[in-house]
Amino acid sequence: MRCQAAVCRAFYYGTERAVFKTHVKLFAEEYRRHDNILQSDNLTEAEKVRYEKLRDVQGDQTDYLDALKFLSDCLSQVYDRKVIILIDEYDVPLENAYFCGFYNEMISIIRSLFESALKTNDSLEFAVITGCLRISKESIFTGLNNLKIISITNPTYSEHFGFTENEVKEMLCFYGREDFFDTVRKWYDGYYFGGIEVYNPWSVINYVEQIWADKKALPQPFWSNTSSNNIVRTLIDQADIRVKQEIEALIEGESIEKPVHEDITYEDIAPGNSRENIWNFLFFTGYLKKTGERMFGNVRYILMSIPNEEVRYIYKNTVLLWFEQKISKKDFTGFYKSIIHGQADVFEHTVSQMLKEGISFYDTKESFYHGFIMGLLNGMEDYYAYSNRESGNGRYDICLKSMDVDKPVVIMELKVASSYGDMDERSREALKQIKMRHYEADLARDGYKTALCYGIAFYKKNCKIALAQEKIYADSAG
């Protein structure tokens with residue numbers, strides 16, 4: 001017998017009644033899938049009546065709480081064999097319920113369902129339950145005996161949790177796409193179960209399908225568990241400076257070491273609980289991989305890093321989206337005025353403060369800071385921000401223009417310093433570049449008369465700004 005994976009993948013809404021209705025619908029579909037057993041003489045008329053009642057969504061909540069057990073009893077009687085129950089991603093309903101605010105109600109429903117099907121079921125041969133979290137601590141499994149737990153740190157069956165490297169090579173060879181192996185490894189490899197390194201099977205299958213149809217197809221994040229992304233958002237919302245620094249280090253390709261507790265549950269990520277719990281959660285849900293381990297006393301420490309480019313992409317986009325939302329909630333009226341009025345000290349302080357409050361990564365160095373400043377400028381109402389446009393003898397980094405040519409135009413040139421002490425010199429170099437390359441040339445044609453030139457230097461989460469106010473002359477357009 002197969003329990004539909006949809007039973008544990010459905011998205012539940014914020015009431016216990018809605019959860020019940022969702023389960024009823026899914027169980028009715030499973031009953032209809034086995035409708036043929038109603039023709040068997042091995043079922044009594046009473047059993048057939050009850051079966052049809054559950055199939056046709058005629059029962060009450062009590063009827064459906066042991067619907068899985070009753071279905072297995074019927075199948076066992078008809079086929080004269082005990083059944084195997086497969087429950088995929090048992091903890092997804094718990095995750096959705098946690099973030100939607102009805103975790104306890106979901107615990108109650110699933111506990112009744114699983115205890116009847118798995119604890120007091122004489123028709124059961126065995127069951128296989130998959131999920132991200134270790135099941136022994138969850139209260140839904142209270143009283144269950146003979147559970148064999150196989151986690152990602154367990155060497156048993158490790159090669160069966162994904163595609164091995166040889167399997168990936170064989171697949172690519174079968175489709176004549178051997179040249180794409182390095183890309184597949186970079187994007188979808190990096191998961192460790194026990195001592196075996198495996199590839200994400202879902203992502204590999206989808207990517208191979210794309211490159212089989214079109215060799216120019218680019219890799220993309222096929223695995224993007226939207227609900228689990230809520231966990232990343234929760235981490236960021238709760239993050240202090242130390243946690244933010246660790247997130248930045250991970251995105252930059254570094255590793256962090258954390259103690260591992262395999263019996264973590266969703267309740268452990270709630271505000272007020274240890275922030276260390278969230279690292280365990282990210283590890284067991286596939287957002288981090290093991291790169292090393294050690295024992296200190298009776299505590300197991302695991303060295304963790306981001307598995308591959310696919311997951312790094314999810315981190316980056318989740319973090320950037322959160323940061324943009326956080327920026328949009330702030331009042332930057334004073335900040336915008338400081339830029340237009342030439343108050344470089346206020347401009348500098350605000351940028352530095354936002355760098356410290358946010359989460360950043362430096363894969364592309366100057367381009368990160370460029371995007372960061374453009375994000376801060378999005379809320380300006382009277383000015384429009386232009387980026388990397390040709391003007392004079394080169395391309396300026398950022399230019400702010402008002403529709404009113406009597407207002408000053410703003411030109412910004414960005415530099416990255418090699419040290420904190422190098423920031424002053426780099427900001428002056430940026431200012432000098434604006435003047436030497438005559439970035440104001442095209443502005444004269446448009447009628448602007450004054451330019452505020454900002455040379456901006458960055459070092460990590462620090463900013464230094466040099467300012468010059470220039471007159472724009474008509475002959476500069478010539």
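Predicted model: local features only at pLDDT ≥ 70, side-chain atom pairs only at ≥ 80, totals over all residues.

**Sheet, helices and cores**

Visitor: What makes E5 and E7 a pair?
Guide: Four bridges join E5 to strand E7 (residues 299-305), and the two run antiparallel. Strands here are DSSP runs (E, at least two residues; helices are H or I, at least four), numbered from the N terminus. Two strands pair if DSSP finds at least two bridges between them, so four bridges qualify E5 and E7.

Residues are numbered from 1 along each chain as its sequence is written, and side-chain values use heavy atoms, without hydrogens and water.

Visitor: Why are E5 and E6 called edge strands?
Guide: The open sheet has the order E5-E7-E6, with antiparallel pairing. Strand E5 (256-259) and strand E6 (289-296) each pair on one side only.

Visitor: Which strands does helix H12 touch?
Guide: Helix H12 (residues 276-284) packs on the sheet and touches E5, E6 and E7. Contact means heavy atoms within 4.5 Å.

Visitor: What makes the 61 residues a nonpolar core?
Guide: A nonpolar core is a set of buried Ala, Val, Leu, Ile, Met, Phe, Trp, Tyr and Cys residues joined through side-chain atoms within 4.5 Å. Buried means under 20% relative accessible area (1.4 Å probe, protein chains only). The largest such core has 61 residues, with Tyr315 among those with the most contacts inside it. Helix H6 (residues 103-119) gives the largest share, eight residues.

Notes
Axes fitted to C-alpha atoms, helices over the stretch in contact; angles between N-to-C directions. Buried < 20%, exposed > 50% of the residue type's maximum accessible area, 1.4 Å probe, protein only.
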